[in-house]
Structures are given as C-alpha cells and as structure tokens.
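Please keep the sequence and the structure in view while reading.

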Amino acid sequence: MTEKVAVVTGGAQGIGRGIVEAFLKKGLRVAAFDLSTAALRQASDQFSGSGRFLPLQVDVTSSEMVGAAVAEVTARWKSPDVLVNNAGLSRDKRIQKMSEEDWDFVINVNLRSQFLCVKAVIDAMVAQKYGRIINMSSRAWLGGFGQANYSAAKGAVVSFTRSLAIELASHGITANTIAPGIIETPLFESFDEEVKDRLKRSVPAGRIGQPADVAAAALLFASDEASYITGQTLYVCGGRSLSSPSV
C-alpha cells in the first residue's frame, strides 16, 4: 500500500486519527481534513516525522474548501486512491426540542460532507480505474433515543454507499460502510462515570471499543485484497448492534 494516497476526513482526532495512524504504519501517504486547528497541530506533532502526513484545515460541508483541499493533495502527491469519510458529530435532542438548525447541521456534517468529498475524488478514481471509498455510519443508524437527526444521517450514509457501490463497481472502485458502536474518543471521555459505566454494560463484549478497532476495518476495506467486497456495512461494536437497546 506504500504507493497509495488516502484522505481521511475528521482525521486529526478520535476515530479519524486512529485511522490515519494505522494507514501511516502501512506506508500510505495520508491527508487529514479537519476543522480543528488544535487537533491538526497535535496530529502534526505526532505524525510529521513520517514525511507522509499532510494536515489540512477543511470545512467538509463546503464544496469550495473540499475541492481546494483535494487539489492540494493531488498537487503534492497524486489524486487520492482511498477516501475515508469519517467526519461527523451529533446534536442529540428529543424531536419536540429539535430545531431546524439542529437537523440541518447534523445532516450537513454527517451526510452532505460525504457527497462533497466523493464528488471531489471520483473523476480521478474512475480515470485510474481504482478507488476505495469508506464511509462512516454508526450503530445509531438502527435508531436512537433523541437522535432522529443523527440516526437519519447515518442511515442515509448506508443507502448512499450502497448506491455508490452499484454505480462504481465496473470502474474498479469499491464503496463500503463502517458502523462503529461505542468508541473511546474525547466525546466518550466527556461523559460522567455513571453514563460511561452504563454504556459499557450495554456492550456484549464487555468493553468500550478503541479507534484502532475501527481502523482495522478501514484497513481491510482499503486493501487490494478487498477488491471483491463492496456495498457492505461492517459493524465494529462489540456485538451491541445485535441485542442492545439504544441508551
């Protein structure tokens, strides 16, 4: 994979940073798109020694910024071979209290961003007849209390990816979805101990997932060996998608 170029959105923190680290260890050249300057600075401190890491501040809901960032990656290295649409966030509220702005913001960050990033890389992938698109959904696409906007966005990601897989398979491009469960990220660490304990008890595997667990799935989908796997959704949730209710 040492000749491959990857873009990871939300790549300077949490799950995205774990994916960036795993890709760099495999020899890929990796551009991390992130909005947080502080997170990009920390990621640069960690990864700059590899000589294969490019941190870029990008609002992935802006087609202009996404297009400019992909052009910068292409000028520095080559057009991306791998796209990991990882950027996302939630604004959980009961539907009665959810505003239009809450709805639009979550849909834009979790879904519109994936459309824009795919549009920015797809022509080059088709031209080279090779590409790996990995879209981040969530176990929450099955439904979650107070998550009508987030669950809708993540469910749409699954449908979006399946459609991409159908359209692009004949061009040597795969499109797959990862649906993480509860992962130890700064967001999880911000919860109080009672909430963290309750969430841990809801996982059949008996532990909270790590960014490296999700990164392992991303490495699979990004590999040449996965050329016959497309349109699939892989849960990385310790079994929580099987029986555990939303909490």
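Predicted model: local features only at pLDDT ≥ 70, side-chain atom pairs only at ≥ 80, totals over all residues.

The secondary structure amounts to nine helices and seven strands. The radius of gyration of the protein is 17 Å, close to the 18 Å that the globule rule gives for 247 residues, so the protein is as compact as a globular protein of that length. Taken along the principal axes, the box filled by the C-alpha atoms is roughly 45 × 40 × 35 Å. Of the 247 residues, 51% count as buried, and among the contacts that link residues at least 6 apart in sequence, 70% join residues at least 24 apart.

An unreviewed UniProt entry carries the annotation "domain: Ketoreductase" for residues 4–185. Over residues 4–185 the chain is 48% helix and 19% strand, with the end C-alpha atoms 27 Å apart.

| Residue | Relative accessible area | Class |
|---|---|---|
| Lys129 | 49% | partly exposed |
| Gly144 | 21% | partly exposed |
| Ser223 | 8% | buried |

Lys129 sits in the loop that runs between helix H4 (100–128) and strand S5 (131–136). The phi angle of Lys129 is near 55°, which is a positive value in a residue other than glycine. Because exposed requires over 50% relative accessible area, Lys129, with 49%, is classed as partly exposed.

Gly144 belongs to the loop between S5 and helix H5 (148–168). Its relative accessibility of 21% makes Gly144 partly exposed, given that buried means under 20%. Although Gly144 and Asp92 are 52 residues apart along the chain, their C-alpha atoms are separated by 9.3 Å.

Ser223 is found in the loop between helix H8 (211–222) and strand S7 (233–236), and, at 8% relative accessibility, Ser223 counts as buried. Which residues does Ser223 contact, leaving aside its neighbours within four places in sequence? With those neighbours set aside, Ser223 is in contact with Met1 and Arg132.

Conventions:
Residues numbered from 1 in each chain as written. Heavy atoms only, no water. Helix = DSSP H or I, 4+ residues; strand = E, 2+ residues; numbered from the N terminus. Rg over C-alpha atoms; globule rule 2.2 N^0.38 Å. Buried < 20%, exposed > 50% of the residue type's maximum accessible area, 1.4 Å probe, protein only. Contact = heavy atoms within 4.5 Å. UniProt positions renumbered as here; feature names shortened; annotations may be inferred.
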